[in-house]
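Reader: I would like to go through this model one contact at a time. Please show it first.

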Amino acid sequence: MGLLQIIPTLRASWKKFVSLFLVGVGLSVAIASCAPSSAQNRDVEITLVSYAVTKAAYKEIIPQFTAMWKQQHNQNVLFNESYGGSGAQTRAVVDGLDADVVALALALDMKKVEKAGLIQPGWEKEAPNNAIVHKSVAAIVTREGNPQGIQTWSDLTKNNVKVVTANPKTSGGARWNFLALWGAIKETGGSDTEALDFAREVYQNAPVLPRDAREASDVFFNQEEGDALVNYENEVLFAAQRGEKLPYVVPKVNISIDNPIAVVDRNVDRHGNREIAEAFVQFLFTPAAQREFAKVGFRPVDPTVEKEFANQFPKIETLFTVQDLGGWNTVQQQFFEDGAEFDKIQTSLAAAR
């Protein structure tokens with residue numbers, strides 16, 4: 001066969017090949033558009049950084065969320081979890097701990113994460129209930145039989161009562177304790193001077209201030225020092241579940257210990273997991289998750305669950321918040337900055353001893 005005869009045959013074969021190739025490409029695109037995306041369904045990781053006493057609740061909540069997400073999205077969510085003191089966890093996140101979601105003991109700690117540029121201003125509005133995911137109040141733990149007859153905050157000023165509470169300069173939880181004492185006077189008609197004098201009388205009965213709530217508990221229980229320990233109500237209730245039934249009272253005038261949660265904007269945008277991180281935060285406000293918080297001693301913020309667990313939590317007659325005292329910025333400056341009211345109390349007590 002001559003060259004002139006071969007060329008048309010080759011040309012026809014080439015056209016047929018190109019046509020088949022284009023059909024194949026079209027089928028591949030169609031199949032890919034109909035099939036689930038492997039990238040969409042790949043496992044995704046979330047890092048939760050929270051403070052120590054929430055661990056028991058998240059142990060139950062996280063499997064519920066991952067099961068729900070798997071059912072709805074056919075995607076596995078893997079959680080990395082870190083628990084510790086709220087102040088220490090705050091510093092760790094600011095210093096580079098790669099948190100996607102942070103749950104801390106007080107908004108002041110969250111503000112530090114915001115100030116570091118990790119969370120966008122306005123995070124309080126990004127979740128229900130101004131991002132307060134659960135609450136507690138302050139309680140007074142006593143010795144067996146309550147031999148000192150402690151029933152109210154004022155009983156902590158008795159001459160024969162030794163009080164154990166952590167140092168509010170080093171412990172976020174202890175700041176709640178201080179504010180509970182201050183508000184017990186201020187929110188019932190007392191003046192600033194009367195509230196300050198009352199706080200000074202209580203701290204006069206607390207000659208040693210442990211570094212944090214855990215150390216304070218160790219001093220009270222293991223070292224058996226003191227007649228009264230000021231602690232979170234949820235800590236006492238959770239201890240009772242572990243068989244450590246502690247006599248305690250919840251003063252009728254009390255502070256709402258509000259615990260915030262937020263998505264860490266800078267990290268989730270870098271990790272590409274914002275959708276799931278935000279969905280997890282939203283899930284924490286559902287009745288299912290709120291029940292788990294209530295089971296370990298936190299006061300739920302969901303009204304339905306609050307009614308379910310009403311018998312577990314004594315009614316507070318006068319419940320005030322940090323906002324009632326001016327907000328965290330005001331409170332920090334007024335009481336806890338160097339040279340502020342708490343330092344003045346300590347200086348005056350040191351001079352009197």
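Reader: Is Glu308 buried, partly exposed or exposed?
Author: This is a predicted model, in which local features need pLDDT of at least 70 and side-chain atom pairs count only at pLDDT 80 or more, while totals for chains, interfaces and linings use all residues. Residues are numbered from 1 along each chain as its sequence is written, and side-chain values use heavy atoms, with hydrogens and water left out. Buried means under 20% relative accessible area, exposed over 50%, and partly exposed in between, with a 1.4 Å probe and protein chains only. Glu308 has a relative accessible area of 43%, so the class is partly exposed.

Reader: With which residue does Glu308 form a salt bridge?
Author: A salt bridge is a side-chain nitrogen of Lys or Arg within 4 Å of a carboxyl oxygen of Asp or Glu. For Glu308, the closest N and O atoms of the bridge are 2.9 Å apart, and the partner is Arg291.

Reader: How many residues apart are Glu308 and Arg291?
Author: Helices (H or I, at least four residues) and strands (E, at least two) are DSSP runs, numbered from the N terminus. Glu308 is in helix H12 (residues 303-308) and Arg291 in helix H11 (residues 287-295), so the pair links distant parts of the chain. The separation is 17 residues.

Reader: Which residues are linked in a network of salt bridges with Arg274?
Author: Arg274 meets Asp265 at 2.9 Å, N to O, and Glu278 at 2.8 Å, N to O. Glu278 and Arg274 are 4 residues apart in helix H10 (residues 274-283), which means a separation of about one helical turn. Asp265 is buried at 13%, whereas Arg274 is partly exposed at 24%. The residues in the network with Arg274 are Asp265, Asp269 and Glu278.

Reader: What is the angle between the planes of Tyr58 and Phe280?
Author: Rings of Phe, Tyr and Trp (its six-membered ring) pair if their centres lie within 6.5 Å; planes under 30 degrees apart count as stacked, over 60 as edge-to-face and the rest as tilted. The whole structure has 17 aromatic pairs. Tyr58 and Phe280 are a tilted pair, 6.4 Å centre to centre, with an angle of 40°.

Reader: Which residue lies over the face of Phe220?
Author: A charge sits over a ring if NZ of Lys or CZ of Arg is within 6 Å of the ring centre and within 35 degrees of the ring normal. At 3.7 Å from the ring centre of Phe220 lies Arg143.

Reader: What is the volume of the largest cavity?
Author: On a 1 Å grid over the protein atoms alone, a cavity is a set of points where a 1.4 Å probe fits but cannot get out, and lining residues have an atom within 4 Å of a point. Grid points are joined across faces, edges and corners, and a volume is the space filled by probe spheres set on the points. The structure holds 3 cavities of 30 Å³ or more. The largest has a volume of about 80 Å³.

Reader: Which strand supplies at least two residues of the lining of the largest cavity?
Author: The lining includes Asn177, Ser217 and Tyr232. Helix H5 (172-186) and helix H7 (213-222) each supply at least two of the lining residues, and so does strand E7 (228-232).

Key
On a 1 Å grid over the protein atoms alone, a cavity is a set of points where a 1.4 Å probe fits but cannot get out, and a pocket is an open set with protein on both sides within 12 Å along at least five of seven lines; lining residues have an atom within 4 Å of a point.
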